[in-house]
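Work through the exercises below with the sequence and the model side by side. Try each task before reading its solution.

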Amino acid sequence: MLIFGERINGMFTDIGNALRNKDPKPIQHWAVKQQEGGAHYLDVNSGPAIPTEERVEAYEWMVNVIQEVSDLPLVLDSTNYNAIEAGLKVCKRPAIINSCPAEQVKIERVFPMAIQYNAGVIGLTMDKKGIPKDSENRVAFAMELVAAADEYGLRMEDLFIDPLILPVNVAQEHAPEVLESLRQVKMLADPAPRTVLGLSNVSQKSPDRNLINRTYLAMAIACGLDAAIMDANDDDLVDVAATAQILLNKSIYADSYLKVFRSR
Amino acid sequence: MSVALVKERYTSKVGEVVLGATSEQGGTRTSTITVGGDSALPFLHFEGELKNRPVIAMEVNDIVPAWSESIMSQFGDVLNNPAVWAKKCVEEFKADLIYLKLNGADPDGENRSPEDCARIVKEVLAAVGVPLIVVGCENDEKNNEIMAVIAEAATGENLLLGLAEQDNYKSITAAAMVHKHTIIARSPLDINICKQLNILINEMGLPLNKIVIDPMIGGLGFGIEYAYSIMERARLGSLANDKMLSMPMICTVGYESNRCKEANTSAEEFPGWGDLQDRGVLWEAMTASAMLQAGASVLIMRNPAAVRLVQKNIADMMSK
């Protein structure tokens, strides 16, 4: 189970301000803190904090300042592929591109770039028309992404299918569809692509966010979730990830398994 | 028609552990031994690299053991002198290393002092150039006393010291850390305790490449299959990058196989079982080769005739 730390995102006030002021400290603070919490990768997203035309420069800067304090690999999160490419050029370790929907034009831009920079790809089960309501259509999009990986020579373990969870307080019917999609995606190829969720989305604006995140994470892992973009500093949430791995017999139990999950 | 072999790919490998230390490394051994490092299941050369061949440690006791006559007679008159005995094991029987068991430390027996035990260790070190494994008697408290003194007396030799167990690992771990030795972490045929013990030892500050796993085994016919499945699981864990299970494994083959009824009961008593002498050799050799297939890196053996058979088996299995 891989944890992609979500906190370096311009949507958060401190990171947004850091980006506007070119102040590396808050970004570096969260890089170190998330690594300590148990993150295996750091998601990097400028969000709307800086104008589109400055994003290329911003991603290059963010990757550099993070790499000054952390050796974790990065997940470059943007809809601006030039910004992602600028980040990929300076990444010291193979990164993951976040993300690519099942749209031919974007596939043609992203997949060759992934091959060029030895990067992974998070593939979204959606197209221009948006996110499907049911698992069947999510899986159909996943299949297009799997076919693209095959066509461009991206290894299946470098393709992370994200079946897109929506907030439970407004789109409750999606939660079970996403779980079913996780199960189905694992049967699309052998070896199967990996799976990922933007976990915190499930609990947007709910009062019991942490509980919803933890419960859904356990359910999703049981259905085949391999990675989550999530709060790496919610200790109980990280404990759920570690415990689910044990209960699925994916890692051998020892009394100190929680500590071992965080060490590397 | 050609058949394509289905090959497993593993993401990691068994950790490597060095036993002994030469004079450049702070010891007095003429050579060191490296075990582990494999990136596939045992002897599946087509799936990965079997980096270091398994080795045989021959058992030497500080007091004359109560072994069967058919084993004792192969050693002649050396059994009351551990240094000479060890030398014979290395020179005549080609042991890769020596396993020195200090049964004489037992308070219920000879109750040797820690200093006396350390003197014997030094004598054996002086007699042979191969790395040494040193374990105590059956009394934990006494073992902690003697190991502290032995570890200090042999500082820098990188002995393989035993035994660290879940209820008694701190003293020996500390001694190994201070005086630069490696330790045997023993768990009672239990993969979870095995992993936990490695974690606990490592938390004290001893690096993972200074630990060898003793999973405990049963002799052939006496639970060997439990040992096999535990060892296979540990090996698969290490190949899947479970760092806390990735140490090489050591097996007490001589001890376990020679306490089986089949290795000791005469042909007069069970005529169908055949000659005892051959049976005893085969019981130990078969136990050893089963453990090799399960992933053992160090075999502790007793019967020279069995050692010869297993040396040949190792050479055969390692040739591609």
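**Exercise 1. Find how many residues of chain B are in contact with chain A, and describe that side of chain B.**

Solution. Nine residues of chain B then touch seven residues of chain A. Next, sort the chain B side by element. Helix H6 (residues 191–204) of chain B gives the most, with five residues. Helices (H or I, at least four residues) and strands (E, at least two) are DSSP runs, numbered from the N terminus. Last, sort by type: four are nonpolar, three polar and two charged. Here Ala, Val, Leu, Ile, Met, Phe, Trp, Tyr, Cys and Pro count as nonpolar, Asp, Glu, Lys and Arg as charged, and the others, Gly among them, as polar.

The model is predicted: local features need pLDDT of at least 70, side-chain atom pairs count only at pLDDT 80 or more, and totals for chains, interfaces and linings use all residues. Residues are numbered from 1 along each chain as its sequence is written, while chains are lettered from A and ligands numbered from 1 in the order in which they are written.

**Exercise 2. Describe how H3(A) and H4(A) cross.**

Solution. Start with the axes, which are lines fitted to C-alpha atoms over the stretch in contact, with angles from 0 to 180 degrees between N-to-C directions. Helix H3 (residues 55–69) and helix H4 (residues 81–90) of chain A have axes that come within 8 Å and cross at roughly 30°. The two helices are therefore roughly parallel (angles under 35 degrees). Now list the partners. From H3(A) they include Arg55(A), Tyr59(A) and Val63(A). From H4(A) they include Ala83(A), Ile84(A) and Val90(A). The contact holds eight nonpolar, three polar and two charged residues.

**Exercise 3. Locate the cis peptide bonds that join Asn98(A) to Ser99(A) and Asp190(A) to Pro191(A).**

Solution. Take Asn98(A) to Ser99(A): omega is near 20°. Ser99(A) sits in strand E4 (residues 96–101) of chain A. Then take Asp190(A) and Pro191(A): omega is about 0°. Pro191(A) lies in the loop between helix H7 (174–185) and strand E7 (194–198) of chain A.

Definitions and conventions: Angles under 35 degrees count as roughly parallel, over 145 as roughly antiparallel, 65 to 115 as roughly perpendicular and the rest as oblique. Two residues are in contact if their C-beta atoms, placed from the backbone, lie within 7 Å.
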